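Have a look at the model first, then read on.

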Amino acid sequence: MNKYRWRILIMIVILLANTTLAGCWDNDELDTISIATGLGVDAAENEEDVHLILQVGKIKENSGYESGSSQQENSFWVMETIDKGISSAINNLDTESTRTIFLHHNQVIIFGKEQAQKGIKKYVDAFSREHQMRMETWVVVADNMAKDILSNAVEQETNSAIGLSKMIETSSRQYESFSVRFIDLISKMMEETTSPIIPIVRAKPEDQNSKFEITGLAIFKDDKYIGKLDLEKVRGYSWIMDRCKKNSLNVTTDNGYANMNITNINLKKDPKITEDELLISIDFKGDINVSEMQGFEGMNSNEVFSALKKAGERAIKKEILDCFNYTKELNGDIYGFGTEISRKYPKEWEKMKENWNDLYTELKMEININLTVRDTGKIVKSLDMEERAE
């Protein structure tokens, strides 16, 4: 483990031992602090500098965030500076402000796209050393600039960082892959061969406010943003990582269309090393709950459910393989397969790890998917299905 990883590990232990401040202050204290709600890093013109953006929440006299008296009035203001490092940039903003900057309630760290492509390791290292930084803070990549995200008011929340935090929590109910906290990022960066992923956020202007949306996952390698999983590939990734507990799947066959939920997923991953190849064996089981069916004329229930089972299995397998093959093109092991191989084959891994970049592109995947129709909804047959004895 190199010095960088040791430093990060030590900081994790120290930070986890700290307690979060209570969040209640008297009015005298509120007059002396500026509570940061969002933090961003954009690329500076000089690559040796850092462009730090800080969103600061306005405080009510009764110890709460302002909601804004109208859509035109935001409950925050944005501060920014360019300096040589994160700590000096924060100190610079602290000096310029009439109040002390307070980072304990920061909701999100945002890396601008250009800076993410140049690299984020030194900033992650610096944030991990900042004693006020919470390890549970969300981390995202802006599809353009971090400043654009932090400067926008959003619908229902005039504080964009708080609105973004709530949006991430909501999106994570469908795909847990969107839930990336600072400690998760550090953990993945400490692994020798795993490529970290971070959600990509875009602001869509709507009237005077904006709406945030997650457009995919940014793939990092050697701390640099090298590629993107679109939403379909995000689901392929989530299937295989068991981070998709319940999901809606549309399938179309030659005989009809159906919408179904895949639930009760049971996933097993098993790396295997043979004389001829290196492969990952995937065993995927789940239940089908059919919510809508159209077509299937002249078919009985058993025929329809057999067709839906096969169509669902084909669709999931395709999504998994499409994502996997894309990561092989990028040479980015987002799954942590290298880590799994090292656990099962520690001796063999010592000989393999230096060449993992080459080996990952040759990695094979063996997939066995078995879905079972459990629930067909209140209507067992669609109106077009043949009504006959089974």
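## Ground rules

Buried means under 20% relative accessible area and exposed means over 50%, with partly exposed in between. Keep in mind that this is a predicted model.

## The D230 contact

D230 has a charged partner: it forms a salt bridge with K233, and the closest N and O atoms are 3.8 Å apart. K233 has a relative accessible area of 21%, so this lysine is partly exposed.

## A hairpin

Now for the strands. Strand β11 covers residues 256–273 and runs antiparallel to β12, with 16 bridges joining the two. The link between β11 and β12 is a hairpin of four residues.

How much of strand β12 is buried? Of the 18 residues in β12 (residues 278–295), 13 are buried, so the strand is largely enclosed by the rest of the structure.

Helix α11 spans residues 337–344, and six of its eight residues are buried, so the rest of the structure largely encloses it. The buried ones are F337, G338, T339, E340, I341 and S342.

K344, in contrast, is partly exposed, because its relative accessibility is 40%. What does K344 pair with? Its salt-bridge partner is D270, with the closest N and O atoms 2.6 Å apart. D270 sits in strand β11 and K344 in helix α11, so this pair ties together parts that are 74 residues apart in sequence. D270 is partly exposed too, since its relative accessible area is 30%.

## Salt bridges elsewhere

How many salt bridges does the structure hold? The count is 14. Side chains of opposite charge can pair when their charged atoms come close.

Another one of them joins the side chains of K147 and E80, at 2.5 Å from N to O. K147 belongs to helix α6 (residues 146–151) and E80 to strand β3 (residues 76–83), so the contact ties together parts that lie 67 residues apart in sequence. As for accessibility, K147 comes out at 28% and therefore counts as partly exposed. E80 has 33% relative accessibility, so it counts as partly exposed as well.

Methods
Residues are numbered from 1 along each chain as its sequence is written. This is a predicted model: local features need pLDDT of at least 70, side-chain atom pairs count only at pLDDT 80 or more; totals for chains, interfaces and linings use all residues. Side-chain values use heavy atoms; hydrogens and water are left out. Buried means under 20% relative accessible area, exposed over 50%, partly exposed in between (1.4 Å probe, protein chains only). Two strands pair if DSSP finds at least two bridges between them. A salt bridge is a side-chain nitrogen of Lys or Arg within 4 Å of a carboxyl oxygen of Asp or Glu.
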